[in-house]
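Please read it with the coordinates open.

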Amino acid sequence: MTDAAPARPPAPRRPSRWAWLGRLWALSTGRFGLIVVAVVAVTALIARFWTPFDPQQVDIGNRWAPPGWPHLLGTDGTGRDILSLLMAGARTTVFVAIGAGLVATVIGISLAALGALTVRWVRESVAVFVDILIAFPVLIIAMMISAVWGGSLWVVIWAVGIGFGVNIARVTRPELRRVLHSDFVLAGRASGLTSAQNLGRHLLPNVAPVFIVQLSWGMAVAVLAEAGLSYLGFGAPVTEPSWGLLLAQLQQFIGVHPLSVVWPGLAITLTVLGLNLLGDGLREATDPTLSRSPFATRRARLHIPEVVS
């Protein structure tokens with residue numbers, strides 16, 4: 001009687017497509033950033049259809065009302081509800097952050113691909129072009145554009161998109177060059193994949209962690225740039241609710257009503273912090289070179305080798 005064939009070990013389970021979301025939630029920085037960004041996004045969506053009061057409704061008889069019912073955060077010098085203004089301003093913030101992120105993505109990936117996948121003289125020309133553009137701060141670019149087309153939210157979007165698209169290209173280009181010489185890219189090229197197919201299937205997924213961090217920083221800077229330019233009069237028009245514009249209108253009364261200035265400043269600070277921490281969390285959750293456990297990630301940061309039994 002012959003012995004039964006040994007049972008085959010079960011096939012390894014493929015990781016879920018959404019496994020990175022669980023790893024992101026396990027990180028304290030990622031969890032905080034995800035909550036803050038989700039709250040801002042949901043607030044902007046709700047404000048699209050409803051706010052406690054009309055953000056532009058003037059009520060002189062109820063000016064500088066302290067926080068309480070029905071004005072939970074109080075009112076400003078014209079009687080407008082500050083909570084309604086903050087909710088409406090979240091729409092502007094989300095619009096600018098997403099718009100600037102899309103522009104920066106297109107510009108950054110295009111320049112990085114031209115600087116990594118083309119012939120030598122094109123690569124060197126793109127590198128010089130990127131070095132020239134990166135010397136101009138985002139706010140200077142925005143003021144130059146607004147001097148020609150006037151101040152608007154589109155000025156902020158294009159200025160931040162161009163400024164951080166160049167940053168994304170500068171950081172992503174050497175990563176693309178490094179991955180370009182990997183064995184799987186060479187195998188894909190040998191199998192007949194074009195440069196565009198290799199870029200979409202192999203190159204971009206492998207530089208995604210670096211790209212995500214840069215993009216999150218760009219969106220955070222977009223929020224700061226919109227607030228700063230609106231504060232200076234180059235951003236959102238007076239008829240458009242904006243955290244920076246609200247901060248500019250309230251700061252002259254900071255000595256008399258200091259609490260009113262806290263709310264827009266706190267909203268800007270938390271949103272920028274949340275975007276930065278979300279980017280760091282996404283990098284750790286999606287980077288295949290980092291370990292999946294928080295303790296192992298900490299060991300990798302400290303360069304402490306693991307003991308193999």
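1. Is Trp64 buried or exposed? Trp64 counts as buried, because its relative accessibility is 16% and the limit for buried is under 20%. The model is a predicted one, and the values below are all to be read as computed from it.

2. On the overall fold, the protein chain contains eleven helices and zero strands. Of its 309 residues, 40% are buried. Among contacts with a separation of 6 or more, 66% are between residues 24 or more positions apart.

3. Trp64 belongs to the loop between α2 (28-47) and α3 (82-117), while Phe253 belongs to the loop between α9 (243-250) and α10 (258-286), so the pair ties together parts 189 residues apart in sequence. Phe253 is partly exposed, at a relative accessible area of 30%, whereas Trp64 is buried.

4. The other pair is Phe95 with Trp154, again edge-to-face, at 5.5 Å centre to centre and 90° between the planes. Phe95 is in helix α3 and Trp154 in helix α6 (residues 153-180), so this pair ties together parts that are 59 residues apart in sequence. Phe95 counts as partly exposed at 37% relative accessibility. Trp154 counts as exposed, because its 51% relative accessibility is over the 50% limit.

5. For context, most residues other than glycine have a negative phi, and most peptide bonds are trans.

6. How many residues does the largest nonpolar core have? It has 43, and those with the most contacts inside it are Leu86, Val96, Val156, Val160 and Trp243. At least two residues of this core come from each of α2, α3, α5 (138-149), α6, α8 (195-232), α9 and α10. A second, separate core has ten residues, including Ala112, Val179, Leu180 and Val207. In soluble globular proteins, nonpolar side chains tend to be buried together.

7. Leaving out residues up to four places away in sequence, Trp243 touches Val40, Leu85, Leu86, Gly89, Ala90, Thr93, Pro264, Ala267, Ile268 and Thr271. Trp243 is also one of the residues with the most contacts inside the largest nonpolar core.

8. Two local sites remain. The charged end of Arg31 sits over the ring of Trp25, at 5.9 Å from the ring centre; the distance limit for this class is within 6 Å. Ser216 is located in helix α8 and is buried, with a relative accessible area of 8%. Apart from residues up to four places away in sequence, Ser216 touches Leu275 and Gly279.

How values were computed
Residues numbered from 1 in each chain as written. Predicted model: local features only at pLDDT ≥ 70, side-chain atom pairs only at ≥ 80, totals over all residues. Heavy atoms only, no water. Helix = DSSP H or I, 4+ residues; strand = E, 2+ residues; numbered from the N terminus. Buried < 20%, exposed > 50% of the residue type's maximum accessible area, 1.4 Å probe, protein only. Phe/Tyr/Trp six-rings, centres within 6.5 Å; stacked < 30°, edge-to-face > 60°. Lys NZ or Arg CZ within 6 Å of the ring centre and 35° of its normal. Core = buried A, V, L, I, M, F, W, Y, C linked by side-chain atoms within 4.5 Å. Contact = heavy atoms within 4.5 Å.
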